[in-house]
Amino acid sequence: MRVVAAAAGLAGALALTACSGGGSGSGSSATPSGTSSAGAAATAGSEGSTASSDALQGSWITTSGGKIVALVVTGKQAGLFETGGAVCSGTAGEEAGMRMIHLTCTDGSKDRVTGMVDSVSKSGMKVTWSGKSGEETYTRAEGGKLPSGLPTASLGQ
């Protein structure tokens, strides 16, 4: 039952981040604008290229240590939410020819502070974090729904 509640709560958070609350300034109406407080708290000082970070745009889901981890990228802002754990915000974009994610977590966690995007496609993204999380593979979540095939058997235990 806790798995269903956690998944429902996360799906609700994804739905909120998919709602457009204002323009991203890029001129593209197809890019959703986040309304979460974590996204609003993100720093805006990144020297990222909008064109190169377009592939990162959206909601991405993985599981780690029995928890669901959602990474949301909107424009140059990034937010990460872990069920029962970290809430992080920061930036995402291109730096020196690499796609990078920089986060600060409200609980002081250093597991996912700096991430290098190793690969990104329409359906998946692989990120190597400098913290103890290491390499993680994310699946794109469409329309505020959890992706099919997400391993949830160990969640809530």
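Is Cys88 buried or exposed, and what is its relative accessible area? Cys88 is buried, because its relative accessible area of 1% falls under the 20% limit. The points below concern a predicted model.

1. Overall fold. Eight strands form a closed barrel in the order S1-S2-S3-S4-S5-S6-S7-S8, and their pairing is antiparallel. From one strand to the next, the twist averages 30°.

2. Pairing of S1 and S8. Strand S1, residues 58-64, pairs with strand S8, residues 135-141, in the antiparallel sense over three bridges. In this pairing, Ser59 stands opposite Ala141 of S8.

3. Hairpin of S4 and S5. Strand S4 covers residues 87-95 and strand S5 covers residues 98-105; the two pair in the antiparallel sense over eight bridges. Glu94 is placed opposite Arg99 in S5. Two residues lie between the strands of this hairpin, where Ala96 adopts a positive phi near 50°.

4. Pairing of S5 and S6. S5 also pairs with strand S6, residues 114-120, again in the antiparallel sense, over three bridges. Here Ile101 has Gly115 in S6 as its bridge partner.

5. Disulfide. The structure contains one disulfide. Its partners are Cys88 and Cys105, with their sulfur atoms 2.0 Å apart. The pair links distant parts of the chain, since Cys88 belongs to strand S4 and Cys105 to strand S5, 17 residues apart. In general, such a bond is a covalent one between the sulfur atoms of two cysteines.

6. Handedness and burial of the disulfide. The torsion about the S-S bond of Cys88 and Cys105 is about 95°, and the disulfide is therefore right-handed. Cys105, like Cys88, is buried. The relative accessible area of Cys105 is 10%, which is under the 20% limit for a buried residue.

7. Nonpolar core. The largest nonpolar core comprises 18 residues, and those with the most contacts inside it are Leu71, Leu80, Ile101 and Tyr138. Strands S2 (67-74), S3 (77-82), S4, S5 and S7 (124-129) are the elements that give two or more residues to this core. Nonpolar side chains tend to be buried together in soluble globular proteins.

8. Surroundings of Leu80. Leaving aside residues up to four places away in sequence, Leu80 touches Val69, Ala70, Leu71, Ala86, Val87, Cys88, Leu103, Arg112, Trp129 and Tyr138. Among these contacts is Cys88, one of the two cysteines of the disulfide. Leu71 and Tyr138 are also touched by Leu80, and both are listed among the core residues with the most contacts.

Notes: Residues numbered from 1 in each chain as written. Predicted model: local features only at pLDDT ≥ 70, side-chain atom pairs only at ≥ 80, totals over all residues. Heavy atoms only, no water. Pairing = 2+ DSSP bridges. Helix = DSSP H or I, 4+ residues; strand = E, 2+ residues; numbered from the N terminus. Disulfide = S-S within 2.5 Å. Buried < 20%, exposed > 50% of the residue type's maximum accessible area, 1.4 Å probe, protein only. Axes fitted to C-alpha atoms, helices over the stretch in contact; angles between N-to-C directions. Core = buried A, V, L, I, M, F, W, Y, C linked by side-chain atoms within 4.5 Å. Contact = heavy atoms within 4.5 Å.
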